[in-house]
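Please examine the sequence and the structure shown below.

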Amino acid sequence: MLRLTFQPFADTVNRSSFTVLAIALLFLGISCSSPEPTTTERPPNILWITSEDNSPFIGAYGDTFATTPNIDRLATEGVRYTQAFSAAPVCAPSRNALITGMYPNSLGTQHMRSTYAIPDFVRFYPAYLKEAGYYCTNNVKKDYNTTDQPEVWDESSREATYQNRSPGQPFFAIFNFTTSHESSVHSFIPNDSLLHDPKTVPIPPYHPRTPEMEHDWAQYYDRVQQMDAKVGEVLQALEESGLADSTIVFYYSDHGGVIGRSKRFIYESGLHIPLIIRFPKAYQHLASGEPGSISDRLVSFVDFAPTLLSLVGVTVPDYMQGNAFLGEQSTEPQPYVYNFRGRMDERFDMVRSVRDKQFRYVRNYMPHKIYAQYIEYLWRAPSMRSWEEAYLAGQLNEVQSAFFEEKPAEELYDVVADPHNINNLADDPEHQEKLTELKNANRQWLLDVRDVGFLPEAMMLNITEDSSTTLYEFTHSDAYPLEDIIAVAEMATQRDPQYVSDLISQLESENPIIRYWAATGCRILAQHATDAQPQLQKLLEDSEVSVQIAAAEALYHLGEKQAAVNALGNALADDNMMARVQALNVLETIDEDALPSLKTVQQLIPQDESSRDYDVRAAQRLAEKLAEMRNTR
């Protein structure tokens, strides 16, 4: 159940008994640096060990190819969660969910590496721990996808450690390892230097077994093994410090990954994470099971902050949307977890998902965009390039080819029978009841959290730059009629010609968000939307540039190519960076017809090659592609 009422910060936080005791001692003139209290007198220390970009490629999770003795041992000493999920299949938005206890698509922080402000009442959770007397350290990654609140940490650096706390002070410490990050497969290691054999490495059925794919998978398993060794070092240091008996240890990854179609994508491969929690004997009463046990409770990243506060005796703020799954404030298990995908680097997309214990429902709000939109960072992996080459050469089967083709509006997977999510049951008559259940759950979630994702990002940028209003505040205003917007967006994405007349009428809506989705629906319907041409032509002069671009894309697919290309070229000169990215995304899909825009595209690329702005990345890719087409004519 989502908690969406708000109270001032002072009304939401109760200090722990440790803080009350410390204040009493100060008034009595007794030093707080006297002998450290016993574990039964003090709140637990909390240690979080986080790895990056890895699904449960862990021996304890049944992966017999993995070499993870330290994490496997931790699993025998703690509780292994089998149904834990990141909020998003990529780091920065997922870390935003962790640090706030809220869904990023309710805050406007769902797009990769965006810095949109959040409301003042949303405080990063370490602030509550510090107020409760904890020494809070972060070593080292933040990447919170919004304006930082650096004051919440006592230390945040590569040297940050709980060892620097005051005597008797409880600690909360994070150690984050990048060893298994996606970049770990960008540098080639010769096959004869690998620890895992490329010829015997397991590969999912949606991947072709190219030499590059085999190599990247084997090299990645090596990185997971190296990450496991670092986990062992942190656990050993905790033992040697004498604090293991007073410290609850979490191990988890920041999302799934890392070879193509995992990280960034709303499947089990991108969202399912390992989560192991070890409780020392003194705090075993807080655990959900005995050492070595398994929990199949559905757990999401939005639940982590409430759970942490519950474990240490701090009242969970009402604005947090997650549910504590441990401690005195733990709730009944929830029936679903919810996930989202927004813009990934320089490519736009919008996907939402609901998962119960057996099925995953996926709603694609931009089904006309292929899964495998070119993302410069993703394509650095040799495996990704080899997969695309095999597709272009016609060497793939239907399952392997699907990644490079347009998406259905809806997907439904039996994740127990189909862990790789390759058999879409959305059209299966036997699964319509489940489809309807999860579709309704998805829609209700969007309404409950006031999902910001239906705002084109160019509009998001204008809203936040032109006023002090946060996106959260905007979407809770009358300017965001979400039920009406969702109704049009669902019509737009169904690919059903029966909705053409409704979409045409919505092209004249007073609300630009609705006009945007109506135009997007005409693009998705393509030739079925011929009757919309007059209204779409008027929208080329719309007051919102994102609507102009959506209309231009629809007109292109209705044969109005010259007018569409001219409008897209004009959008490239707009001051709004996300409008430029949106236009570049469309031009990327129309091949040689985009050649008249080549000069304008090239002008977006600065001489300073160090720029990593998303419009620059998209422009570089498009300029290279168009120049090659021009030269091969």
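## Surface and charge

The model is predicted: local features need pLDDT of at least 70 and side-chain atom pairs count only at pLDDT 80 or more, while totals for chains, interfaces and linings use all residues. Residues are numbered from 1 along each chain as its sequence is written, and side-chain values use heavy atoms, leaving out hydrogens and water.

There are 52 positive and 87 negative side chains in the chain; Lys and Arg count as positive, Asp and Glu as negative, and His and the chain ends are not counted. The centres of the two sets lie 3 Å apart, with each charge placed at NZ of Lys, CZ of Arg, CG of Asp or CD of Glu.

## Overall form

The chain contains 23 helices and 13 strands, which are DSSP runs (helices H or I, at least four residues; strands E, at least two) numbered from the N terminus. Its C-alpha atoms fill a box of roughly 80 × 60 × 55 Å along the principal axes.

Of the 633 residues, 63% count as buried, meaning under 20% relative accessible area (1.4 Å probe, protein chains only).

## Arg264

Arg264 is located in the loop between β6 (247-253) and α8 (268-271). This residue counts as buried because its relative accessibility is 3%. Leaving aside residues up to four places away in sequence, Arg264 touches several residues, among them Glu182, Arg341, Asp345 and Tyr377; contact means heavy atoms within 4.5 Å.

How values were computed: Buried means under 20% relative accessible area, exposed over 50%, partly exposed in between (1.4 Å probe, protein chains only).
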